[in-house]
Amino acid sequence: MTASPEPAPSDHPSPAEPAPAPRTGEPRLLVSLATYNEAGNLANLIAEIQKVVPHADVLVIDDNSPDGTGQIAAAIAEKDPRVHVLHRPGKLGLGTATLAAMKFAMTQGYDYLLNMDADFSHPPRYLPGILAGMSKYDVMIGSRYVRGGGTENWPLPRRVISQTVNMIVRFLFRMPVKDASGAFRCYRVSMLRDAELNRVRSRGYSFQQEVLFRCHKTGAKLGEYPILFENRRAGVSKVNKKEAVRSMSMLLYIGLRNVFGLEQRRK
Ligand SMILES: Nc1nc2c(ncn2[C@@H]2O[C@H](COP(=O)(O)OP(=O)(O)OP(=O)(O)O)[C@@H](O)[C@H]2O)c(=O)[nH]1
Ligand SMILES: [Mg+2]
């Protein structure tokens, strides 16, 4: 595991929302999976996750996928009390789906929220390593860009764009992490309660960087654990060029505001 240079120690005052459930020693873990047309992946992925972390609950946030992913999730949830489903009426974006998972984790009293893509690009075998980092860090990033991490068969342009966005973000957001754009992350829920998530503007790709930025501003300790981002097993990518341009503009806007001191914590 690699980690960011030691940021200022964070204090995480009392939760804005109520309800932590009773504890039995082990931290309560919620794994969130945002899905849009992942019918070929979902059941296998949930089974693999449960093999690796049997104590985890799983939350599927499905945006009325035309391929019936929502029904598959509902059928699994009906038989397995560890699986929950949020059905949303239409495609509202990965960012808002992750935010919905964060709210669920906060109101239901989980200790950790671990988010991953539902297409096997984020392999469940990394879960123990990422979770182990939570004894030291408030956010653990499944990171493609620390030593030992990488991407499988990405064409050069995609690698260059991803690394360039990360460099710009590191500079403008003053955030000491190598991979600020991946969605494979574990968050300490008590820190999320304090992270001014209501200020997050992004709905699409830039959501990942913006949420991490809010955590960083809260004083969260950010750690990185190397992962190989693998190709999706089934289904098709939802990568969208228009959304990529919109997200880049959002990152520049927030980054420049940060450089000029306009993104300080309000609390
Ligand atoms: N609920 C919800 N999930 C979404 C939405 N868009 C994408 N997802 C899910 O978010 C995850 C990442 O989306 P992908 O299409 O795999 O995009 P990517 O991982 O950036 O790109 P590739 O894996 O390279 O194709 C997957 O689990 C998708 O099903 C959305 O609008 N709503
Ligand atoms: Mg993917």
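What percentage of the 267 residues in the chain is buried? The model on screen is a predicted one, and in it buried residues make up 43% of the chain.

**Whole chain**

The chain contains eight helices and ten strands. Its radius of gyration is 17 Å, close to the 18 Å that the globule rule gives for 267 residues, so the chain is as compact as a globular protein of that length. The C-alpha trace spans about 50 × 45 × 35 Å along its principal axes. Of the contacts between residues at least 6 apart in sequence, 82% join residues at least 24 apart.

**Ligand 1**

Select ligand 1 next, together with its shell. The ligand is surrounded by 20 residues, and the closest are Ala34, Ala97, Ala118, Ser237 and Lys238. Three elements each supply at least two residues of this shell: strand E2 (29–35), strand E3 (57–62) and helix H3 (94–107). Colour the shell by residue class: eight of its residues are nonpolar, four are polar and eight are charged.

In general, nonpolar side chains in soluble globular proteins tend to be buried together. The largest core here has 64 residues, and Val31, Val58, Leu113, Leu114 and Val139 have the most contacts inside it. H3 gives this core its largest share, seven residues.

Pick Val139 from that group. Apart from neighbours within four places in sequence, Val139 is in contact with Arg185, Tyr187, Leu212, Cys215, Ala220 and Leu222.

Then move to Lys103, which is also found in helix H3. A distance label from Lys103 to Thr218 reads 17 Å between C-alpha atoms, for a separation of 115 residues in sequence.

**Helix H7**

Select residues 207–217. Why is H7 described as largely enclosed by the rest of the structure? Eleven of its eleven residues are buried, so the rest of the structure largely encloses the helix. The buried residues include charged ones by name, among them Glu210, Arg214 and Lys217, as well as Phe207, Leu212 and Phe213. To see what covers them, display H3, strand E6 (139–143), H5, helix H6 (189–192), strand E9 (222–226) and helix H8 (241–259), which are included in the cover. Just past the end of H7, Gly219 takes a positive phi of about 95°.

Go to helix H5, residues 156–172. At 1.5 Å a residue its 17 residues should span 24 Å, and its end C-alpha atoms are 24 Å apart, so the two values agree.

Arg174 follows H5 and lies in the loop between H5 and E8. Most residues other than glycine have a negative phi. Arg174, which is not a glycine, has a positive phi near 50°. With 14 other C-beta atoms within 10 Å, Arg174 is partly exposed.

Stay in the loop between H5 and strand E8 (185–188) and select Gly182. Is Gly182 buried or exposed? It counts as buried, because it has 27 C-beta neighbours inside 10 Å. Not counting residues up to four places away in sequence, Gly182 touches Ile141, Gly142, Ser143, Arg144 and Gln208. Its C-alpha atom is 9.2 Å from that of Met116, which is 66 residues away along the chain.

Phe120 is in the loop between strand E5 (112–117) and helix H4 (127–132). Its phi is positive, about 75°, although Phe120 is not a glycine. Phe120 has 20 other C-beta atoms within 10 Å and is therefore buried.

Finish at Ala234, in the loop between strand E10 (228–229) and H8. Ala234 has 14 C-beta neighbours inside 10 Å, so it counts as partly exposed. Leaving out residues up to four places away in sequence, Ala234 touches Gly40 and Asn41.

Notes:
Residues are numbered from 1 along each chain as its sequence is written. Chains are lettered from A and ligands numbered from 1 in the order in which they are written. This is a predicted model: local features need pLDDT of at least 70, side-chain atom pairs count only at pLDDT 80 or more; totals for chains, interfaces and linings use all residues. A residue is near a molecule or strand if its C-beta atom, placed from the backbone, lies within 6 Å of it. Helices (H or I, at least four residues) and strands (E, at least two) are DSSP runs, numbered from the N terminus. The radius of gyration is taken over C-alpha atoms; the globule rule is 2.2 Å times the number of residues to the power 0.38. A residue is buried if 20 or more other C-beta atoms lie within 10 Å of its own, exposed if 12 or fewer, and partly exposed in between; C-beta atoms are placed from the backbone. Two residues are in contact if their C-beta atoms, placed from the backbone, lie within 7 Å. The expected span of a helix is 1.5 Å times one less than its number of residues. A nonpolar core is a set of buried Ala, Val, Leu, Ile, Met, Phe, Trp, Tyr and Cys residues joined through C-beta atoms within 7 Å.
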